[in-house]
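Please read it with the structure open.

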Amino acid sequence: MPTLTKLYTMQEAAEHNTKDDCWIVIDGKVYDVSSYLDEHPGGDDVVLATIGKDATDEFEDAGHSESARELLESFCIGELDPSAPVIPELKIDFNKQPAEHVQKLKDLTKQYWAFPVAIVGISVVVGFLYLRKK
């Protein structure tokens, strides 16, 4: 009887993005390499930089040996779901009101427009008087 492979989305894999909980995706497979980060010869930052995207190119470019590839298989926890979109769809709600802090900023700029205008006006007058004395 064949073993069932757990399917994950790229978004699920990307949520595991810390040193204590680190998943990577290579060639459509999902690997939990949390326990290997400290032992990785290239350092943990190299692995952590590939979270949230397909790391196949980075893995291949590094020229990993056959033993490294065999070791990687021991961390396999599943595969990417081929039916799931790689990048989740962005949903935009055009009817949504602006955020509260944005609205406050707009109100402040309407309320205090006179101060910068006054500074510019005073600067022009002072400059004119200074040039007139010369």
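This is a predicted model: local features need pLDDT of at least 70, side-chain atom pairs count only at pLDDT 80 or more; totals for chains, interfaces and linings use all residues.

1. Asp-27 sits in the loop that runs between strand 2 and strand 3 (29-32). The backbone at Asp-27 has a phi near 50°, a positive value in a residue that is not glycine. Most residues other than glycine have a negative phi.

2. Is Asp-27 buried or exposed? Asp-27 is exposed, because its relative accessible area is 54% and the cut-off for that class is over 50%.

3. The largest pocket has a volume of about 370 Å³. Its lining is made up of 20 residues, and those closest to the centre are Ile-24, His-40, Val-47, Phe-59 and His-64.

4. Which elements supply at least two residues each to the lining of the largest pocket? They are strand 2 (23-26), helix 2 (44-48), helix 3 (56-61) and helix 4 (66-73). Helix 4 gives the most, with 3 residues.

5. By residue class, the lining of the largest pocket divides into 15 nonpolar, 4 polar and 1 charged.

6. Leu-129 belongs to helix 6, which covers residues 114-133.

7. Why does Leu-129 count as partly exposed? Its relative accessible area is 45%, and partly exposed covers the range between the buried limit, under 20%, and the exposed limit, over 50%.

Definitions and conventions: Residues are numbered from 1 along each chain as its sequence is written. Side-chain values use heavy atoms; hydrogens and water are left out. Helices (H or I, at least four residues) and strands (E, at least two) are DSSP runs, numbered from the N terminus. Buried means under 20% relative accessible area, exposed over 50%, partly exposed in between (1.4 Å probe, protein chains only). On a 1 Å grid over the protein atoms alone, a cavity is a set of points where a 1.4 Å probe fits but cannot get out, and a pocket is an open set with protein on both sides within 12 Å along at least five of seven lines; lining residues have an atom within 4 Å of a point. Grid points are joined across faces, edges and corners, and a volume is the space filled by probe spheres set on the points. Ala, Val, Leu, Ile, Met, Phe, Trp, Tyr, Cys and Pro count as nonpolar, Asp, Glu, Lys and Arg as charged, and the others, Gly among them, as polar.
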